[in-house]
Amino acid sequence: MPSLDFSQNHQQAKPKIKPFLKWAGGKTQQLPLIMQSLPGRLKQLPAFIYVEPFVGSGAVMLQMLKAYPNIKKAIINDLNPELTTAWKIIKGEPEKLAEKLTQLQSSFQALRSEEERKKMFYKTREIYNLKQADAAEQSAMLIFLNKTCYNGLYRVNRKNKFNVPFGRNRNPKILDSDNIFALSHLLKKVEIKTVDFAELPTKSTVPLFYYMDPPYKPVSTTALFNSYSSQAFNDREQVRLKEFCDLLTVNQVHWLQSNSAPGNSFFDDLYAHYHIKRVKASRMINSKASARGSVSELLISNYDLHE
């Protein structure tokens, strides 16, 4: 198959840059509130480093890079290696990714019956879970599965196998080349890591700012569908994250965290010495339609959220 040139006109095009994946817990709907809750001093700094330990689909990171030209460098991190590999491929090999996605999209759209498309979905899922393809192919399959699976969920089982069923989306946009290339350009000053959050920098000669969106503590016993990685982010991990926030505070690093409001005093007690604001958020992804809609969440910070 001849090589396809996707680079033409992408420098001139200025699409609305958006996350390349639909992601449970993504912050696209909450962006205005999060941006309003940032410390005012960020605008006055000549330069700062933005750090996001649980990047997911990166909605906040993308908005930060667009809104704050004084970000000298961004560091994004996630324990899901499939996700961080996809971010790296978008940054470094967007043409290769676009070509792989073109092939998947063409093959999927050429199938006339739902049964044929379903068969392709499950075959692709099987190959993806083998984790033997090269990085670009693996990332293309990740995007394909996300666009064609049920309700855009990303979920793995305890064996770290993607297990979301087919979604019956008749006309999914598997390839968005404008967005892929716009993302690639925006990621030029972004460092992408796959480490434990405690390994991220807590001191720097350039001021640091952290935004954290950890895996949420379930609001009910039925809310935990064991989700984005095979490693559980349990109460012990939440306490460890709070201790990391304490270290940042000692080092005079400002941070903002989103978390769930589980209906008890867990976070109120854990972050008793910090600022906590209850906010409304939209949950658009859930295996049960009745569980979607408006829910309470928390914004926690080591600075006054009204400053």
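Is Asp176 buried or exposed?

Author: Asp176 is buried, with a relative accessible area of 18%. Buried means under 20% relative accessible area, exposed means over 50%, and partly exposed lies in between (1.4 Å probe, protein chains only).

A word on the model before we go on. It is predicted, so local features need pLDDT of at least 70, side-chain atom pairs count only at pLDDT 80 or more, and totals for chains, interfaces and linings use all residues. Residues are numbered from 1 along each chain as its sequence is written, and side-chain values use heavy atoms, with hydrogens and water left out.

Now the partner. Asp176 forms a salt bridge with Lys18. The closest N and O atoms are 2.7 Å apart. A salt bridge here is a side-chain nitrogen of Lys or Arg within 4 Å of a carboxyl oxygen of Asp or Glu. Lys18 lies in the segment before helix H1 (31-36), and Asp176 in the loop between H7 and H8, so the pair ties together parts that are 158 residues apart in sequence. Helices (H or I, at least four residues) and strands (E, at least two) are DSSP runs, numbered from the N terminus. Lys18 is partly exposed, at 40% relative accessible area.

Asn151 is not a glycine, yet its phi is positive, at about 60 degrees. Lys131 sits in the loop between helix H6 (114-130) and helix H7 (135-148). Lys131 is not a glycine either, and its phi is positive, about 55 degrees.

Next, salt bridges inside a helix. Arg240 and Glu237 both lie in helix H9 (residues 235-250), three residues apart, about one turn of the helix. Their closest N and O atoms are 2.8 Å apart. Asp246 and Lys242 are also in H9, four residues apart, again about one turn. Their side chains meet at 2.9 Å, N to O. Asp246 is partly exposed at 23%, whereas Lys242 is buried at 16%.

Last, the whole protein. The count comes to 10 salt bridges. There are 10 helices and seven strands. Of the 307 residues, 50% count as buried, and Asp176 is buried too.
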